[in-house]
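Here are some notes to read alongside the model. They start with one chain, turn to its partner and the contact between them, and end with a few local spots.

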Amino acid sequence: MKRKINITVTALFLALIFGFGTAFWIVPDLTFSPEENRSLQTFPDLTAENWLDGKISAQLIDYYSDQFPLRHMWVGLHAVGELGALRGECNGVLVGKNGQLAVRRFDAYLSRFERLENTDYYSPAHVEKGLNALIALDETLSAQRIPLCVLLAPRTIDVTIGDFAYPSDISDGLDETIRTTLSGAHVNSVELLSTFRELHQAGEYVYYRTDHHWTTQGAYTAYTAVMESWGMQDQILPAEAFAVKQIPAFYGTTHARAGLAFIPPDTLEIWEAADDSRYTVLERKGDELRAVIESGFISEKYLTEKDKYSAFLDGTHDLLFILDKEAAAQGESRPRLLLAKDSFANSMVPFLARHFDILMVNLTGNTDYTHLSALCEEYACGRVLVVCNRENLITSDCLTRLH
Amino acid sequence: MVFSSTIFLFGFLPLSLLIYYVMPLKGRNLVLFLLSMAFYGFGEPTYILVMLFSITVAYLTGFPIGKYRESNPKRAKAWLILSVCLNLGMLLFFKYTNFFIENLALIPPLAEVLQPMEGLTLPIGISFYTFQILSYSIDLYRGSTDTQRSYISFGAYVALFPQLIAGPIVRYRDVDDQLITRRHSVDKFSSGVSRFTVGFAKKILLGDSLAAVYAYLGTVYTVEPTTLTAWLMVLCYTLHIYFDFSGYSDMAIGLGRMIGFEFLENFNYPYLASSITDFWRRWHVSLSSWFREYVYIPLGGNRKGLPRQFFNMGVVWLLTGFWHGASWNFVLWGVFYFIILALEKVFLLKWFDKNTATRTLGHIWALLLVGMGWMIFDHTTLSEAFSVIGGLFGIGTAGFASATVGYELLRALPLLAVSVIAATPFPAKLLAGLETSRPRWTVLRPVLIGFALLLSVAYMVSGTFSPFLYFIF
């Protein structure tokens, strides 16, 4: 009996290491991982120089890791192990009721050269700096008689906190700081945390379960709140004015980070109106304007890919114009809005564009578009809207540089 | 290359086993020597020369040491001193040069003259293989072993890949006969697989998971230092370092068995220690034994009166601390243990042995001090170490606990519970008991090994899963 057991143990082990060791060389290499949204290491160049400086060993280690057979099955098994050990999260992503996921840990910004990595906490000094920059911007724009509206979108963890055993004190503390600081300085700040929490608890689909963004319904809620803050409530388009097109099987960024296999996917909604084809999305590259989307707001190619949220306004662009081309053709002048934003605003634009021609600058892009008062002058914008997720407030300096 | 990597487990290991077992018995030491060189050269190509130099020095000096040890001990001693100086010199040069330069440069007149040597990095495993090489030269001089005439066999002993980079420190005389003949069998191979899997699971499932919790708590402590965070940090690191290091030793012992070697044990449930003296008989046994045999006893051990014994202990613990790293925290860590061991020697050991209550106090004393010691060990900045140690007693903290750390404790509780149990002999005894009393239950062994292996591979592969979330724009 003992001998049989020993033979079985030996055979099992050898089968595993030789089986996967052989499969590794037989299975064709992949160059890209859609789940991780990154290029994979391919077989390195075997040169003496690369070997002596240690490059080959590092690349071979990455090559083995990246091209390992059934990699996603192993990642899924790891997730099962983590949840089986009652850890309630995987890779810093909380797993809550109804398959709700939320990133819990971030790399908090301390200075240009220093971050507090993988933490729930944020630097109060850095947050204060960001809020003070918004207050200073408000004062500058007021002098130019340009109204500013600030919308610091809550993170998924802030909104869906009730789905987890995780304490809410950090979310609540951050919200309290934002509210008291901005309202104390009389900045027109749209505060949506309690609204979103109530809607989410009531079962409304305002934030994705597997992505870090708000849903289109959430974006619509934000749009109505912004319009109300400007006193334009009578112009708000009712939700019934849109036909909802549903794009199933959407797995977002949070799902990718968690590496969980068994979470049901989200549905991405596109709210379409009959006159969407009036609008166009243009990108400025140097002195030239190029149509990123000829008609409407949606880049259809992304709807069949993993990164479906990028369908809104074709994903990341540093500077875009969203215009009513028919109005422009007729020489009709529309009010202009400068929208300084991160990706949360992309799904809001299809609503705002009904009221404004929009100059949209990306606060987290490669080009520095933080001098908003100058942009307002250059493009004759009558309003400024800053839309930024609280994650960017605590993990980057995109707001502290605004002026 | 570390054992807990896909390239080792599914690349280097199957290839090595295949070549090793295809090769006739006579050529296996050559295979081991070449494979070990490839293993070492994979990450440290230029430092192969450093290791070959050390091997060659000890190999060549071995001949005159062996020849003259009886007929002309003085001459043999001179050759021994040459071997020790050259080998220790390599260790001192690579490991400690910049440490000495940086500290001497603190003296104003020397600050401009002394500059740290750029590009001087520590060859992996040099602390381990240097001690192995020294054990050969010294034992040969003492007559405890014979001259190794085969360069290949001696090279295979020094560079043997299972224990090359993290020990255990195998004394030459413990494996000299195995270098000539060793038994290979399915039973031994299977026992090696079991031991390797246990080590692999200890390292990956427990050690690495505890390290992640510890790293997180370390960040938390810089923002919101609480007493609970300090205690959790100490607990997590204490368990992490045990599973990480003993797991690696288990893997080394297991791999050794797969190729016919038997290495001595390196750990014996150290956290069951009844005192610090007992702890050091159970923790990294191969290092403690090495220092006892090659430093403490030659200095006179406890045979020359108490003051001299304390001096000898002081030397050993200063060296032990310094061996772990070229940094003041390791020196302090060594001194910390010297003071405690001296106190135990003077009166505490006798007191601990009085009755059950004092024996229990001895356990608590050992665990508490070992935990605090690990904080000194882990923090190269001493103020950070003392901040955590002070935090254990509420000094400098912002309260007892925060909601977030309370949550983290609940989340880590199952991991901590399993780790605490796994740090005792209970699981091994339970399995052994079952296999003895109910032989049928032996079928559980391959199931458990298969499960542990698959789950550990999953955790290992998942560690390299790194989503690039550029689209969080």
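1. Start with the fold of chain B. The model is predicted. Chain B has 19 helices and zero strands. Its radius of gyration is 24 Å, close to the 23 Å that the globule rule gives for 473 residues, so chain B is as compact as a globular protein of that length. The C-alpha trace of chain B spans about 70 × 65 × 60 Å along its principal axes.

2. Next, the packing of chain B. Of its 473 residues, 57% are buried. Take the contacts in chain B with a separation of 6 or more: residues 24 or more positions apart account for 74% of them.

3. Then the surface and charges of chain B. The accessible surface comes to about 19900 Å². Carbon and sulfur atoms hold 69% of that surface. Chain B carries 34 positive and 25 negative charges, and their mean positions are 11 Å apart.

4. Now chain A. What makes up its secondary structure? The count is 14 helices and 16 strands. Along the principal axes, the C-alpha trace of chain A spans about 85 × 45 × 45 Å. Buried residues are 57% of the 403 residues in chain A. For contacts in chain A between residues at least 6 apart in sequence, 66% join residues at least 24 apart.

5. The surface and charges of chain A follow. Chain A exposes about 16800 Å², and 53% of this comes from carbon and sulfur atoms. There are 35 positive and 54 negative side chains in chain A. The centres of these two sets lie 6 Å apart.

6. How many residues does each chain bring to the contact? Chain A gives 69 residues and chain B gives 62. Together the two chains bury about 6100 Å² between them, with 69% of it on carbon and sulfur atoms. On the chain A side, A:Phe13, A:Arg87 and A:Tyr121 lose the most area to chain B. Those three residues together make up 12% of what the chain A side buries.

7. Is B:Thr442 buried or exposed? Its relative accessible area is 12%, which is under the 20% cut-off, so B:Thr442 is buried. Leaving aside neighbours within four places in sequence, B:Thr442 is in contact with A:Met1, A:Ile5 and B:Glu435. B:Leu431 is eleven residues from B:Thr442 along the chain, and their C-alpha atoms are separated by 8.5 Å.

8. Look also at B:Asp250. This residue is found in helix α10 (residues 227-258) of chain B. The relative accessibility of B:Asp250 is 7%, so it counts as buried. Which residues does B:Asp250 touch, not counting those up to four places away in sequence? They are B:Arg195, B:Phe196, B:Val198, B:Gly199 and B:Lys202.

9. Last, helix α8 (residues 172-180) of chain B. Its buried residues are B:Tyr172, B:Val175, B:Asp176, B:Gln178 and B:Leu179. An α-helix has 3.6 residues a turn, so residues three or four places apart point the same way. Check the buried positions with that in mind. What covers the buried residues of α8(B)? The cover includes α2 (28-43), α6 (126-142) and α7 (151-159) of chain B.

Methods
Residues numbered from 1 in each chain as written. Chains lettered and ligands numbered in written order. Predicted model: local features only at pLDDT ≥ 70, side-chain atom pairs only at ≥ 80, totals over all residues. Heavy atoms only, no water. Helix = DSSP H or I, 4+ residues; strand = E, 2+ residues; numbered from the N terminus. Rg over C-alpha atoms; globule rule 2.2 N^0.38 Å. Buried < 20%, exposed > 50% of the residue type's maximum accessible area, 1.4 Å probe, protein only. Contact = heavy atoms within 4.5 Å. Areas by Shrake-Rupley, 256 points an atom, 1.4 Å probe, with all protein chains shown as cover. Lys, Arg positive; Asp, Glu negative; His and termini not counted. Charge placed at Lys NZ, Arg CZ, Asp CG, Glu CD. Buried area = accessible area lost by both parts, 1.4 Å probe.
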